[in-house]
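Q: Please take a close look at the part of this predicted model that surrounds its ligands. Which residues come nearest, and which polar contacts are made there?

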Amino acid sequence: MRIPPPRVLTVAGSDSGGGAGIQADLKTMLALGTHGMSVVTAVTAQNSLGVQGAWPLPAEAVRAQFRSVVDDIGVEAVKTGMLASAELVETVAALLDEVTAPVVVDPVGISKHGDALLAASARDAVRTKLLPAATVATPNLDEVAWLTGVQVSSETGLRRAAEAVLSYGPRWALIKGGHLEGDAVDFLTDGVEEHWFRAPRHDNRHTHGTGCTLASAIAAGLAKGRSVPEAAAEAKSYVTGAIAAGFALGAGIGPVDHGWMSAR
Ligand SMILES: Nc1ncnc2c1ncn2[C@@H]1O[C@H](COP(=O)(O)OP(=O)(O)OP(=O)(O)O)[C@@H](O)[C@H]1O
Ligand SMILES: Cc1ncc(COP(=O)(O)O)c(N)n1
């Protein structure tokens with residue numbers, strides 16, 4: 001009988017268009033040789049043009065999904081994405097306390113199109129409950145500014161951003177410089193070690209789902225037993241390939257290609 005693949009759980013919102021959220025997470029987990037599982041926190045009506053609607057689930061439904069997975073199947077790593085409200089941030093943070101698996105927190109705030117995916121009132125809960133539960137937090141620069149007040153407009157500011165994020169308690173901070181100009185540079189630190197991940201910027205507008213994909217790829221690596229820097233390096237290679245292969249779907253921003261490593 002086949003040895004089961006490592007088990008990875010995403011706690012995130014559903015993207016009906018299939019490019020970001022739960023759908024991106026599960027595709028990434030499959031592509032990287034793991035078994036993906038999901039706790040849906042919110043349902044979004046979403047496509048290449050934006051988010052047309054979002055419906056958070058009751059906290060009870062989130063707790064029930066989490067316990068169904070953890071009590072029977074078990075998890076080797078968890079990733080969190082869109083959590084929608086302060087109540088769900090607090091609910092998920094409390095659930096994370098029940099498991100010992102490493103946790104990748106992608107503090108999703110707004111979509112590429114500027115649609116709010118997290119209530120402004122959730123900031124304190126993210127700072128004081130969710131970030132302390134993270135093995136790795138993966139904010140982009142807008143999320144860094146929202147969470148810490150630190151504004152970064154060039155590569156040299158990434159270290160300052162990471163220090164500010166680490167002050168809220170995650171073990172590692174991976175600051176994504178994807179929104180800067182020039183190479184796509186990310187900076188990872190635990191306050192002692194420093195790792196820079198640099199990739200050529202692909203001039204491809206079809207980048208829907210980049211952040212979800214990177215965070216899920218890190219979680220897949222951690223589930224396979226990699227260290228945080230190893231998992232982040234592999235995740236960076238995977239997301240870079242997926243962005244290079246991103247394709248047009250719909251009239252707006254198409255998805256990255258999660259299947260870029262397999263022959264079609
Ligand atoms: N055009 C690009 N070419 C290459 N890499 C990119 C590009 N844009 C972003 N990246 C990389 O993609 C990853 C995700 O970064 P990004 O800053 O896009 O995250 P995000 O803003 O959270 O994503 P999203 O916009 O999906 O929420 C990072 O590793 C970043 O460096
Ligand atoms: C459910 C959900 N989760 C996360 C994102 C962020 O992804 P992006 O910024 O690429 O739109 C999204 N659009 N939808």
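A: **The ligand surroundings**

UniProt, in an unreviewed entry, lists residues 15-257 as "domain: Pyridoxamine kinase/Phosphomethylpyrimidine kinase". In this predicted model, that span is 38% helix and 19% strand, and its end C-alpha atoms lie 15 Å apart.

The space taken by ligand 1 is the largest pocket.

For K176, the distance from a polar side-chain atom to an oxygen atom of the ligand is 2.7 Å. For H179, the corresponding distance, again from a polar side-chain atom to an oxygen atom of ligand 1, is 2.6 Å. A backbone contact involves H202, where a polar backbone atom lies 2.9 Å from a nitrogen atom of ligand 1. Taken alone, ligand 1 exposes 620 Å², and the protein buries 93% of that area.

Ligand 2 also sits in the largest pocket. Its shell holds 13 residues, of which G13, Q46, K112, H208 and G209 are the closest. By class, the shell around ligand 2 is made up of five nonpolar, seven polar and one charged residue.

The polar contacts of ligand 2 include backbone and side-chain atoms of the protein. At K112, a backbone N or O atom lies 3.1 Å from an oxygen atom of ligand 2. At H208, the contact comes from the side chain, with an N or O atom 3.2 Å from an oxygen atom of the ligand. At G209, a polar backbone atom is 2.8 Å from an oxygen atom of ligand 2. Taken alone, ligand 2 exposes 360 Å², of which the protein buries 93%.

Key. Residues numbered from 1 in each chain as written. Chains lettered and ligands numbered in written order. Predicted model: local features only at pLDDT ≥ 70, side-chain atom pairs only at ≥ 80, totals over all residues. Heavy atoms only, no water. Near = heavy atom within 4 Å. Polar contact = N/O pair within 3.5 Å; in protein donor to acceptor, adjacent residues only side chain to side chain. Areas by Shrake-Rupley, 256 points an atom, 1.4 Å probe, with all protein chains shown as cover. 1 Å grid on protein atoms, 1.4 Å probe; cavity = no way out; pocket = protein on both sides within 12 Å on 5 of 7 lines; lining within 4 Å. Sits in = over half its atoms within 2 Å of the grid points. Nonpolar A, V, L, I, M, F, W, Y, C, P; charged D, E, K, R; others polar. UniProt positions renumbered as here; feature names shortened; annotations may be inferred. Helix = DSSP H or I, 4+ residues; strand = E, 2+ residues; numbered from the N terminus.
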